[in-house]
Amino acid sequence: MFCLSKKVVRVRFAPSPTGYQHIGGARTALYDWLLAKKTGGTFILRIEDTDRNRLVPDAVEDIKNSLKWMGLDWDEGPDVGGEAGPYFQSERLDLYQNYAEDLVKKGKAYYCFCTPERLEEMRGKQELNNQPSGYDRHCRDLTWDQVEEYKAQGRKYVIRFKVPLQGKIEVKDELRGEMVFDHETLDDFVLLKSDGYPTYHLASVVDDHLMEISHVIRGEEWIVSTPRHFLLYQAFGWELPAFIHLPIFLSPDGKGKLSKRHGATSVREFREKGYLPEALVNFLLLLGWHPSTDQELFTLEEAAKVFSIERISTSPVSFSLDKLDWYNGLYIRKLSPEDLAKRCVPFLQKDGLLPDPCPREQLTYLTKIIPLVQERIKLLSEISKAVSYFLKEEISPPAKEVLIIKKGTAEETAAILKKIVETFSKLEDFSEETIEKSLRDVTEALGEKPGRVFMPVRISVTGETATPGLFELLAALGKPRVIHRLQQAIAVLEYA
RNA sequence: GGUCCCAUCGUCUAGCGGCCUAGGACACCGCCCUCUCACGGCGGAGACACGGGUUCGAUUCCCGUUGGGACUACCA
């Protein structure tokens, strides 16, 4: 049987597959993973699929993919197994049922035959009378005969925990210290649902015990449930793990917790928007945790060396994306051209700028132009706009108004461009250096300022006013396309 | 309504009684670099919610007020 020394750190990330991996959960998983790595402990992935009504079919895949994408590999769990399995709660049903029945036998839990309708009515009355909400313990004192009778009638039932009527329960959170809850404020919560599945309360307590979890790291929204869990540990006579409640993510506008209304909330969405896992991890790391230094940049490995639960903060965190964007730009600039090009390919394919699969020459060319735009994009998804005029053979000719130089006329502009076409045509070697020299020579010969000459060229060949440096841009584009696009622009100026 | 949590620049935060004329980062503004846009460099503005205590001394400790948030399901 499964047995380990109590000293070792065993942490679990226990998502419920009711949707795509939420960004808040991703941070929890990160902290779990870091604590495990820091201490040489074990990181466990456990799927809490006990709500069959809200089950999303591909959620488990998404959760696994999201964790892998972020670099958070698990030591025990789906796909990798482990001695404390199974790691899907739906495969542990008999366990929960036995433990629930056990509590009933000990008089610490009871069968409840109340119908959903009755409960709803009860709740309605409580709200109407401004009374505290909670189960009214209608079935708490059913006699054994009554229970047998109801069961014989085939009535559905749940198993509820019998919360002691008097007294207090002291709960400890590693970050916040002791918290005291009065039993009177706790109701007899459900342990086992009528479909035979456990509630979170039962399942998580049973599994955390059986899997010998040392630290329970979860969201702040669980604080109010913690006294119930302590009561359960007490009833079973089990040793408590340490509890760490992470501050929740608030919406950037400061109104309530982060929700779909405020943009991306799943890891998948951030990935699709063009965020790098390195950036997301770094951002999440510092959202609620701070090192004892001023260091802002961390790889997973670096973070794993210095991470500590004592330095996790307790106040709610506004999930503002500004810093994530900054991190993303930073990490994009740090990538090698080869790496960045590879990461951009899917985005370019999605936008129809590259075929799938991508031919070798195309990838080589992309790698060549990537450095020109690398410091100009903050999201991978911005790559298409940044390189479209490189990847397309033809661009739609710019409008006349945008081509015309400042305080100048169409004729003047066309004359400048013609002169440049003429100069470029004679160039044998269309390199950055020769381009720069000839362009500057033309500028001087015409008695113009650089800006007045460079800008119409830039717009002619790209259609944009904001681009990489002109000389490197032209060289990367190649002489034929440059001349063609310049002639196209001249035509617009003269005939449009 | 009830229970609980939280409270330093717009945001993330440092601070664990004197080092604070409150530090850093993002965002913002200005200047520089410059062919545009970025990148980069330099500089600027910007916070201890309020009221009581405790103390020689409070951003730091205690209480209250206010504000924000979470939970209040046979969901997690």
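This is a predicted model: local features need pLDDT of at least 70, side-chain atom pairs count only at pLDDT 80 or more; totals for chains, interfaces and linings use all residues.

Trainee: How far apart are the end C-alpha atoms of helix H18 (residues 450-462)?

Mentor: Start from what you'd expect: H18 has 13 residues, and at 1.5 Å a residue they should span 18 Å. The model agrees with that, since the end C-alpha atoms of H18 are 18 Å apart.

Trainee: Which helices do the buried residues of H18 pack against?

Mentor: First look at who is buried in H18: among them are Val453, Phe454, Pro456 and Val457. Arg458, Ile459, Ser460, Val461 and Thr462 are buried there too. The buried residues of H18 pack against H14, H15, H16, H17, H19 and H20.

Trainee: Are H18 and H20 roughly parallel or roughly perpendicular to each other?

Mentor: Their axes come within 8 Å and cross at roughly 105°. Angles from 65 to 115 degrees count as roughly perpendicular. H18 and H20 are therefore roughly perpendicular.

Trainee: Which residues make the contact between H18 and H20?

Mentor: Take each helix in turn. H18 brings Val457, Ser460 and Val461 to the contact. From H20 come Val482, Arg485, Leu486 and Ala489.

Trainee: Arg485 has a charge, so let's look there. Which side chain of opposite charge is nearest to Arg485?

Mentor: Arg485 sits in helix H20 (residues 479-495) and is buried, yet it has no salt bridge. A salt bridge needs the nitrogen and oxygen within 4 Å, and here the nearest side chain of opposite charge is 6.0 Å away. That side chain belongs to Glu393.

Trainee: What is Arg485 in contact with, leaving aside neighbours within four places in sequence?

Mentor: Ser460 and Val461 are on the list, and both are among the buried residues of H18.

Trainee: What is the phi of the residue just after H18?

Mentor: The residue just after H18 is Gly463. Its phi is positive, at about 80°.

Trainee: How exposed is Lys407, which has a positive phi although it is not a glycine?

Mentor: Most residues other than glycine have a negative phi. Lys407 has a positive one of about 55°, and it lies in the loop between H15 and H16. Lys407 counts as exposed because its relative accessible area is over the 50% cut-off, at 86%.

Trainee: And what is the relative accessible area of Arg137?

Mentor: Arg137 also has a positive phi, about 65°, without being a glycine. It lies in the loop between helix H4 (116-128) and helix H5 (144-152). Arg137 is partly exposed, with a relative accessible area of 23%.

Trainee: Where is the cis peptide bond that ends at Pro357?

Mentor: Pro357 lies in the loop between helix H12 (337-350) and helix H13 (360-373). Omega is near 0° for this bond. The cis bond runs from Asp356 to Pro357.

Trainee: How far apart in space are Arg140 and Thr462?

Mentor: Arg140 is in the loop between H4 and H5, while Thr462 is one of the buried residues of H18. In sequence they are 322 residues apart. In space, C-alpha to C-alpha, the distance is 76 Å.

Trainee: How many salt bridges does the whole structure have?

Mentor: As background, side chains of opposite charge can pair when their charged atoms come close. A search of the whole structure gives a total of 31.

Trainee: Which residue forms a salt bridge with Glu464?

Mentor: Glu464 is in the loop between H18 and H19, and its partner is in helix H14, so the pair ties together parts that are 79 residues apart in sequence. The closest N and O atoms are 3.1 Å apart. The partner is Lys385.

Definitions and conventions
Residues are numbered from 1 along each chain as its sequence is written. Chains are lettered from A and ligands numbered from 1 in the order in which they are written. Side-chain values use heavy atoms; hydrogens and water are left out. Helices (H or I, at least four residues) and strands (E, at least two) are DSSP runs, numbered from the N terminus. Buried means under 20% relative accessible area, exposed over 50%, partly exposed in between (1.4 Å probe, protein chains only). Lys and Arg count as positive and Asp and Glu as negative; His and the chain ends are not counted. Contact means heavy atoms within 4.5 Å. The expected span of a helix is 1.5 Å times one less than its number of residues. Axes are lines fitted to C-alpha atoms, for helices over the stretch in contact, and angles run from 0 to 180 degrees between N-to-C directions. Angles under 35 degrees count as roughly parallel, over 145 as roughly antiparallel, 65 to 115 as roughly perpendicular and the rest as oblique.
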